[in-house]
Structure formats: C-alpha cells, structure tokens
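Thank you for sending this model for comment.

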Amino acid sequence: MDLKTEQPVISIIVPIYNEEEIIPELYERLQNAALKISENYELIFVNDGSRDNSLFELIKLTEKDHRVYYINFSRNFGHQIAVTAGLDASKGDCVAIIDGDLQDPPEVIPELHSKYKEGYEVVYAKRKKRKGESVFKLVTAKLFYRILKRITSVDIPVDTGDFRLIDRKVVDYLKQMPEKNKFLRGQIAWLGFNQTEVLFNRDKRKYGKTGYSISKMFRFAMDGITSFSDKPLQFVTKLGFFFSMVSFIIILYAFYSHFILGNTITGWTSLIISTMFIGGIQLISIGVIGAYVSRINTNIMDRPLYIIEKSNLPKK
Ligand code: UDP
Ligand code: MG
C-alpha cells in the first residue's frame, strides 16, 4: 500500500523556531503518538526562519520517514502564520496543532483524537498547570484571556493555546478567513461547531528559550483584541464624552467664580496638569484607532501571508 497517495487519517502541524536540540525527541514522541491513532499520518514541520540548525534536523527526518514534510519560510513570519502554512498544506481527515518545544506533550494527541471520534469537531487542550513559566508571563496571560473574554462576543476558551485537534471541515473554513493578522484560537472559536476540552499539564521548556518576545506577545494580544472586538473604539468615544462633560462643568464653574463671586481662578499648575492629562488621553485614543487602521492597511496591501523558500511537499 502506498501511504502517500491516500488521504492521511491525521495531520500534525508543528511550528519550529530555533528548536534544533529538541527535534529528534520531538519526532520520536510525535511519531509514537501518531502511531496510536494510525499508521497513515503526516507530520508537517514549518520552519519559521530559525537561525540555528533546525532546518537541517528537519530534512534529516524526511530522509527517515516519508510521512514527514517540512516547509521552510524565507524568514521569520511568526508562530500564527507558521501554523497557517501548515494548515494550508495539510491533507488529513483531522489536524492537530502542537508547539514544537514539547511544552505541549504529544502523548495528549491520542486523547484529543478519541474525543474527536466521539463527534466533536474541535477538541482543544486546556492547561491545568503551567510549569516553568515566568511570573510575568503567567500574570499577563491570565489577565489577557480574562480581558478578552469580557470584551469579545465570541466565546474564546481561557487558558488555552493553539494545542488542539480540529476536523477537516474546520480547516477548510479557516482557509476562507483571509485576514492577515491571525489569531487562530479566536477564529476557531468564532467558527463554532461542537467544541470540547481535554485538560493537561503544560511542561516547561527543556531546551532553548521562548520565541515570543514581549513585543511579539503584545502584537499577538492586539491582533486578538482588534480582530474580535471594537470595544476599545467604543471605550475611547465614551472617554471623549465623559471628559467633555467634566470640562464643561469646570468651565461653568470658572465663569461663575469670575463673574459672580468675583475671584478668578489662577494657577499655572492646574492649567498644565489638565492640558497634559487631556493630551495623554488623546494620544492613547489615537493609538487605539491607529491599531485598527494599521490592520486595515495590512489587509488592503494583500501581500502573500508567507514566503516558502523550499519544502518537500508534493506539487499540487
Ligand atoms: N514559534 C514560531 N515562530 C516564532 C516564535 C515561536 O514558529 O516567531 C514556535 C516555537 O518554535 C514553538 C511555538 O511556536 O514551537 C511556541 O513558541 P514558544 O514556545 O516560543 O512560545 P511560548 O511557549 O513561550 O509561549
Ligand atoms: Mg513554548
């Protein structure tokens, strides 16, 4: 039987950014997990512009196992785009998305798959414990998910990353969502279908360090918010109304004090404080609007989402 011509039972997508040390163990564990489901699997590694020897390690795997594919980006495009490229290339009946640093244990994939077999189109893995993460990351992540939940109308599950298993149908619909600022966990929640969760303990990183710098984390958070909520825009509008009312009252008081009471309010301090305060609010508001406008700009430019330098994917 030629496995390559048949549609895989499962595709596993792994974004890779500077993970050279872990790739051999990652492959072993992924392969074992996949074999528990079917011999007919495909592993798709997306090398997102790693600066170490990750690509070399991935190509070594393809020589050992014909079910391994690699996609090599021309530069670093970011985690969400790497996963998207994997989704675009995947052919399996269902698709698992997993981090490449073994923080998401591959052994959970068969569990996700058995839930999927029960009839769920989306099975996401929810972090019960999160080991080896800085206090800063834990606090900001907790806060972010809770804020997001409050300001969006879409029910995005809290404490859940992209580690999940989705049905082919969901992948096909994701491909019809052409936005450039990807926030996949939100898009999948937006799509609906039968969704369920499996709990797991998130391990700590064994080698290397996080590829998510603070600026990448911030951009990712802003993508999530701007793609699923216009509450920040409503908020700055309300802020504008509020401060206009407050200043109107102060103006009335100033007139009253000057013409009726006969004492003019003086003071450089009050003047400079109020000017700078309003100035700050204005700049923040412009920043909020700018966040939305810059995303309109990116989408209108309509550049390709990613550039593949090379891969061993079969020609379409
Ligand atoms: N990653 C990527 N491109 C990036 C940053 C990260 O493909 O620009 C990959 C990385 O190799 C890992 C996954 O995305 O497989 C999650 O990244 P990381 O572990 O750095 O994030 P954290 O777990 O610290 O949130
Ligand atoms: Mg990680």
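The numbered points that follow concern a predicted model and take its regions in turn.

1. According to the UniProt record, an unreviewed entry, the annotation "domain: Glycosyltransferase 2-like" covers residues 11-172. In the model, that span is 41% helix and 25% strand. The C-alpha atoms at the ends of residues 11-172 lie 14 Å apart.

2. Surroundings of ligand 1. Ligand 1 is surrounded by 16 residues, of which the closest are Pro15, Tyr17, Gly100, Thr210 and Gly211. Two elements, strand E1 (10-16) and helix H3 (79-89), each give two or more residues to this shell. By residue type, the shell divides into five nonpolar, seven polar and four charged residues.

3. Helix H3. How is H3 placed relative to the rest of the structure? Nine of its eleven residues are buried, so H3 is largely enclosed by the rest of the structure. The buried residues in H3 are His79, Gln80, Ile81, Ala82, Val83, Thr84, Ala85, Gly86 and Leu87.

4. The largest nonpolar core. This core holds 55 residues, and Ile12, Ile13, Leu43 and Ala96 touch the most other members. Helix H1 (residues 23-35) gives the most to the core, with six residues. The contacts of Ile12 can be followed one by one: leaving out residues up to four places away in sequence, Ile12 touches Leu30, Ala34, Tyr41, Leu43, Ile44, Ala96, Ile98 and Ile109.

5. Strand E6 and its partners. Strand E6 (residues 160-167) has six buried residues among its eight and is therefore largely enclosed by the rest of the structure. E6 pairs with strand E4 (residues 94-97) in the antiparallel sense over four bridges, and in this pairing Cys94 stands opposite Asp167. Strand E5 (residues 122-130) also runs antiparallel to E6, joined by four bridges. Here Lys126 has Thr160 as its bridge partner in E6.

6. Two residues with positive phi. Asn18 is not a glycine, yet it has a positive phi of about 55°. Asn18 lies in the loop between E1 and H1, and it is buried, with 22 other C-beta atoms within 10 Å. Asp159 likewise has a positive phi of about 55° without being a glycine. Asp159 is found in the loop between helix H5 (135-151) and E6. With 15 other C-beta atoms within 10 Å, Asp159 is partly exposed. A reader checking the backbone may wish to look at both positions.

7. Glu197. This residue is found in strand E7 and counts as partly exposed, with 17 C-beta neighbours inside 10 Å. The C-alpha atoms of Glu197 and Ala125 are separated by 5.6 Å, although the two residues are 72 residues apart along the chain. Not counting residues up to four places away in sequence, Glu197 touches Tyr124, Lys126 and Pro157. Lys126 is also the residue whose bridge partner in E6 is Thr160.

8. Lys209. Is Lys209 buried or exposed? It has 8 C-beta neighbours inside 10 Å and therefore counts as exposed. Lys209 is placed in the loop between strand E7 (195-202) and helix H8 (214-228). Its C-alpha atom is separated by 12 Å from that of Gly100, which is 109 residues apart from Lys209 along the chain.

9. Glu179. The loop between helix H6 (168-175) and helix H7 (184-191) contains Glu179. With 13 C-beta neighbours inside 10 Å, Glu179 counts as partly exposed. Which residues does Glu179 touch, not counting those up to four places away in sequence? They are Ser227 and Asn299.

10. The UniProt record, an unreviewed entry, places the feature "transmembrane region" at residues 235-256 and 268-293. In the model, residues 235-256 are 100% helix and 0% strand, and their end C-alpha atoms are 32 Å apart. Residues 268-293 are also 100% helix and 0% strand, with end C-alpha atoms 37 Å apart.

Technical notes
Residues numbered from 1 in each chain as written. Chains lettered and ligands numbered in written order. Predicted model: local features only at pLDDT ≥ 70, side-chain atom pairs only at ≥ 80, totals over all residues. Near = placed C-beta within 6 Å. Nonpolar A, V, L, I, M, F, W, Y, C, P; charged D, E, K, R; others polar. Buried ≥ 20, exposed ≤ 12 C-beta atoms within 10 Å, placed from the backbone. Pairing = 2+ DSSP bridges. Core = buried A, V, L, I, M, F, W, Y, C linked by C-beta atoms within 7 Å. Contact = placed C-beta atoms within 7 Å. UniProt positions renumbered as here; feature names shortened; annotations may be inferred.
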